[in-house]
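Please read these notes with the model open beside you. They take the sheet first, then the helices, then a few single residues.

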Amino acid sequence: MIDYEKALLDLVTPMVEDKTNVSVKLMPTLEENEVLLYVYANSEDVARLIGRRGMMATSIRQMMSVASRKEDKRVMIKFEAY
């Protein structure tokens, strides 16, 4: 089984400036085949992770969806600032 929290954390950590204040939390969902992940970081880093017009967030979501296809899961990622 894929550790989605670790995979996403390894993906976003090099993109932020304050690496000590970035975290990823796996949240429970009602659907069995869904994975909901929250990325918490400083507001400047969240803006960097979302990117202009959401391009960076879209890319991060695509990378995680490719990883989840093996288990036939749907990954949803939300970005939150501290």
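The numbered points below describe the fold and some local features.

1. Basis of the notes. This is a predicted model, in which local features need pLDDT of at least 70 and side-chain atom pairs count only at pLDDT 80 or more, while totals for chains, interfaces and linings use all residues. Residues are numbered from 1 along each chain as its sequence is written, and side-chain values use heavy atoms, with hydrogens and water left out.

2. The sheet. Three strands form an open sheet in the order β1-β2-β3, and the pairing is mixed. Strands (E, at least two residues) and helices (H or I, at least four) are DSSP runs numbered from the N terminus; two strands count as paired if DSSP finds at least two bridges between them. The edges are held by β1 (23-27) and β3 (74-81), each with a single partner strand, so one side of each has no neighbour in the sheet. On average, neighbouring strands are turned by 25 degrees against each other, direction ignored.

3. The antiparallel pair. Strand β1 pairs with β2 (residues 34-41) in the antiparallel sense over 5 bridges. A hairpin through 6 residues joins β1 to β2.

4. The parallel pair. Between β2 and β3 the pairing is parallel, over 8 bridges. One point of reference is V35, whose bridge partner in β3 is V75. Strands of a sheet pair through backbone hydrogen bonds, in either the parallel or the antiparallel sense.

5. Helices α2 and α3. Two packed helices are described by the angle between their axes and the distance between the axes. For α2 (residues 43-50) and α3 (residues 55-68) the angle is about 70 degrees and the axes are 5 Å apart. Axes here are lines fitted to C-alpha atoms, for helices over the stretch in contact, and angles run from 0 to 180 degrees between N-to-C directions. The two helices are therefore roughly perpendicular to each other (angles of 65 to 115 degrees; under 35 is roughly parallel, over 145 roughly antiparallel, and the rest oblique). On the α2 side the contact (heavy atoms within 4.5 Å) involves R48, L49 and I50, which meet M55, M56, A57 and I60 in α3. By class, this contact has 6 nonpolar, no polar and 1 charged residues. Ala, Val, Leu, Ile, Met, Phe, Trp, Tyr, Cys and Pro count as nonpolar, Asp, Glu, Lys and Arg as charged, and the others, Gly among them, as polar.

6. Helices α1 and α3. Which residues make the contact between these two helices? Helix α1 (residues 4-12) packs with α3 at an angle of about 145 degrees, with the axes 11 Å apart. Y4, A7, L8, L11 and V12 of α1 make the contact with I60, M63, M64 and S68 of α3. These residues divide into 8 nonpolar, 1 polar and no charged.

7. Residue L26. This residue lies in strand β1 and is partly exposed, with a relative accessible area of 46% (buried means under 20%, exposed over 50%, partly exposed in between, with a 1.4 Å probe and protein chains only). Leaving aside residues up to four places away in sequence, L26 touches E5, V35, L36 and L37. The C-alpha atoms of L26 and I77 are 9.6 Å apart, although 51 residues separate them along the chain. D3, 23 residues from L26 in sequence, is 9.8 Å away, C-alpha to C-alpha. D3 itself is found in the segment before α1 and is partly exposed at 45% relative accessible area.

8. Positive phi values. Most residues other than glycine have a negative phi. Where do the positive values of R53 and D72 fall? R53, with a phi of about 55 degrees, is found in the loop between α2 and α3; at 84% relative accessibility R53 counts as exposed. D72, with a phi near 55 degrees, is in the loop between α3 and β3 and also counts as exposed, at 62%.
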